[in-house]
Amino acid sequence: PPLTIAPDTLPDGLKNTSYGQQLVATGGTPPYQWEVESGSLPAGMALSQDGFLGGTPSESGDFTFTVKVTDASTPQRKGTKTYTLHVAGVRIVTDALPDAANGVYYSAQLQAEGGTTPYTWSVTDGSLPPGLNLDGGTGQIDGTPNSNGDFTFTVQVQEQGGASDQRQFSIQVKALVITTASLPDGCVDATYSFTLQGAGGDPSNYAWSIAGGSLPNGLSLDSASGEISGTPTQEGDFDFIVELDDGQYTDTKAFT
């Protein structure tokens, strides 16, 4: 029977970004010898005799090729597999954008990788919240939003070689928003301190509370300052919901 080649599919690559994937053969007698039997790899990439597919692709597109492996038995056994490797020209790596507070300055940086810089950014569908703008040269969204609501839009990034990528984002503009994105990890029997942040509403009247779940044992939330502090006594992952209230508006956010 022929040799078996793994993996079944190849992970995508990215133009001008290092790529590496080890191919593995089973069912024969090592050592194995590898080669590209037909088709072609992206420019900048090669398949070594020991089955390592690597390099830095300098072009984007879909590349179909067949690899062949032979073993050391007599007579030799062989196996083949056809792959299609997708190489993206550029890729947006920002997953999501933070919420915004109405009337409070907002700034968020979009990020991309691959291709040839500088990138060009644009909004191709939908619209940013009124008061916010996207810098086409840097990918920074900033300004002061002036309308509450959920705003969904599609951002495009284009690299100098002409390749592009698009991703849909949403920004929710609220009267009051918890701006802290995440919490740092703690350590058992070590002092912990981190202060939550909010924006909008009436800062002089902020009141913080736990609306669901629970803090790690040994930690507490100061309702006036938003500081989580204490000395945790138990390890683990602790999920909870924080609420911010200014007497008129509220916002909640889940943390771990």
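Strands (E, at least two residues) and helices (H or I, at least four) are taken as DSSP runs and numbered from the N terminus. By that rule Ser-209 falls in strand E22, which covers residues 207–213. The model is a predicted one, so to speak of local features takes a pLDDT of at least 70, side-chain atom pairs count only at pLDDT 80 or more, and totals for chains, interfaces and linings use all residues. Residues are numbered from 1 along each chain as its sequence is written, and side-chain values rest on heavy atoms, with hydrogens and water left out.

On the whole-chain level, the tally is zero helices and 26 strands. The C-alpha trace spans about 80 × 50 × 25 Å along its principal axes. Buried residues make up 37% of the 256, where buried means under 20% relative accessible area, exposed over 50%, and partly exposed in between (1.4 Å probe, protein chains only). Contact means heavy atoms within 4.5 Å, and of the contacts between residues at least 6 apart in sequence, 59% join residues at least 24 apart.

As for charge, there are 9 positive and 29 negative side chains, and the centres of the two sets lie 18 Å apart. Here Lys and Arg count as positive and Asp and Glu as negative, with His and the chain ends not counted; each charge is placed at NZ of Lys, CZ of Arg, CG of Asp or CD of Glu.

Now for the sheets, where two strands pair if DSSP finds at least two bridges between them. E11 runs parallel to E18 (residues 164–174), joined by two bridges, and Ala-100 stands opposite Val-173 of E18.

Strand E24 (residues 227–230) runs antiparallel to E20 (residues 192–195), with four bridges joining them; Thr-195 has Glu-227 as its bridge partner. E24 also pairs with E23 (residues 219–221), again in the antiparallel sense, over three bridges, and here Leu-221 is partnered by Ile-228. E23 and E24 form a hairpin with five residues between them, and Gly-226 in the turn has a positive phi of about 80°.

Leu-221 leads back to Ser-209, which touches it along with Ile-241, Val-242 and Glu-243, not counting residues up to four places away in sequence. Ser-209 is partly exposed at 29% relative accessible area. From Thr-4 it is 205 residues away in sequence and 58 Å away in space, C-alpha to C-alpha.

Thr-70, in strand E8 (residues 61–70), counts as buried at 15% relative accessibility. Beyond its neighbours within four places in sequence, Thr-70 has contacts that include Leu-3, Tyr-32 and Arg-77. Thr-144 sits in the loop between E16 (140–143) and E17 (149–158) and is partly exposed, at 36%. Pro-129 is 15 residues from Thr-144 in sequence and 9.1 Å from it in space, C-alpha to C-alpha. With neighbours within four places set aside, the contacts of Thr-144 include Tyr-105, Pro-130 and Leu-132.
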